[in-house]
Amino acid sequence: VQLQASGGGLVQPGGSLRLSCAASGSIFSINAMGWYRQAPGKQRELVARIISGGSTNYADSVKGRFTISRGNAKNTVYLQMNSLKPEDTAVYYCNADIRKFGSSAYVPHWGQGTQVTVSS
């Protein structure tokens, strides 16, 4: 199973970026998918998460600015980031709770991370 994230880059304060993450491999089903971020010298933190029923939760620092959604195929997750601030600068990681064929358990999987830099 692989999670491939993309969409990071350099953007000016107030700008927007859209991150994408696609899960592939021997996947029976995916429960929750989400985005975490880690800034230099800080712990990894939850940014946004969406479960299979569509419920979402966000870090307080991004509420009203970021929107998480899942694709129609349900193996993709997006993070639309608007009104970006310098403090949003971090490596963003995709996460998914995946149940493989032949398994009864959902196991967390991580993508490789994509850099988001907000700077003028």
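**Entry 1: Asp 88**

I began with Asp 88, which sits in the loop between strand 8 (76-81) and strand 9. Strands here are DSSP runs of E with at least two residues, helices are runs of H or I with at least four, and both are numbered from the N terminus. I kept in mind that this is a predicted model, where local features need pLDDT of at least 70, side-chain atom pairs count only at pLDDT 80 or more, and totals for chains, interfaces and linings use all residues. Residues are numbered from 1 along each chain as its sequence is written, and side-chain values use heavy atoms, with hydrogens and water left out.

Is Asp 88 buried or exposed? Asp 88 counts as buried, at 0% relative accessibility. The cut-offs are under 20% relative accessible area for buried, over 50% for exposed and partly exposed in between, with a 1.4 Å probe and protein chains only.

I then looked up what Asp 88 touches, taking contact as heavy atoms within 4.5 Å. Setting aside neighbours within four places in sequence, Asp 88 is in contact with Arg 37, Arg 65, Phe 66, Ser 83, Val 116 and Val 118.

**Entry 2: Ser 83**

Ser 83, one of those contacts of Asp 88, is also in the loop between strand 8 and strand 9. Ser 83 is partly exposed, with a relative accessible area of 41%. Its phi is near 50°, a positive value in a residue other than glycine. I noted this because most residues other than glycine have a negative phi.

**Entry 3: Phe 66 and strand 7**

Next I followed Asp 88 to its contact Phe 66. Phe 66 is found in strand 7 and counts as buried at 3% relative accessibility. Not counting residues up to four places away in sequence, Phe 66 touches Arg 37, Val 47, Tyr 58, Leu 79, Gln 80, Met 81, Asn 82, Leu 84, Asp 88 and Tyr 92. I also checked Phe 66 against Arg 18: they are 48 residues apart in sequence and 9.4 Å apart in space, C-alpha to C-alpha.

I traced an open sheet of four strands, in the order 1-3-8-7, with antiparallel pairing. Strand 1 (2-6) and strand 7 stand at the edges with a single partner strand each, so one side of each has no neighbour in the sheet. The twist averages 15° from one strand to the next, with axes being lines fitted to C-alpha atoms (for helices over the stretch in contact) and angles running from 0 to 180 degrees between N-to-C directions.

Two strands pair if DSSP finds at least two bridges between them. Strand 7 and strand 8 run antiparallel and are joined by five bridges, and Phe 66 stands opposite Met 81 in strand 8. The hairpin of these two strands has five residues between them, and there Lys 74 takes a positive phi near 65°. Strand 1 and strand 3 (residues 17-24) also run antiparallel with five bridges, and Gln 4 stands opposite Ala 22 in strand 3.

**Entry 4: The core**

I looked for nonpolar cores, meaning sets of buried Ala, Val, Leu, Ile, Met, Phe, Trp, Tyr and Cys residues joined through side-chain atoms within 4.5 Å. The largest has 30 residues, and among those with the most contacts inside it are Phe 66, Met 81 and Tyr 92. Elements giving two or more residues to this core include strand 1, strand 3, strand 7 and strand 8. Strand 9 gives the most, with five residues.

**Entry 5: Rings**

Last came the rings of Phe, Tyr and Trp (its six-membered ring), which pair if their centres lie within 6.5 Å; planes under 30 degrees apart count as stacked, over 60 as edge-to-face and the rest as tilted. How many aromatic pairs does this give? The count comes to two. Phe 28 and Phe 101 are edge-to-face, 5.6 Å centre to centre with 80° between the planes. Phe 28 is in strand 4 (residues 27-38) and Phe 101 in the loop between strand 9 (90-100) and strand 10 (107-110), so the pair ties together parts 73 residues apart in sequence. Phe 28 is partly exposed at 45%, and Phe 101 is exposed at 54% relative accessibility.
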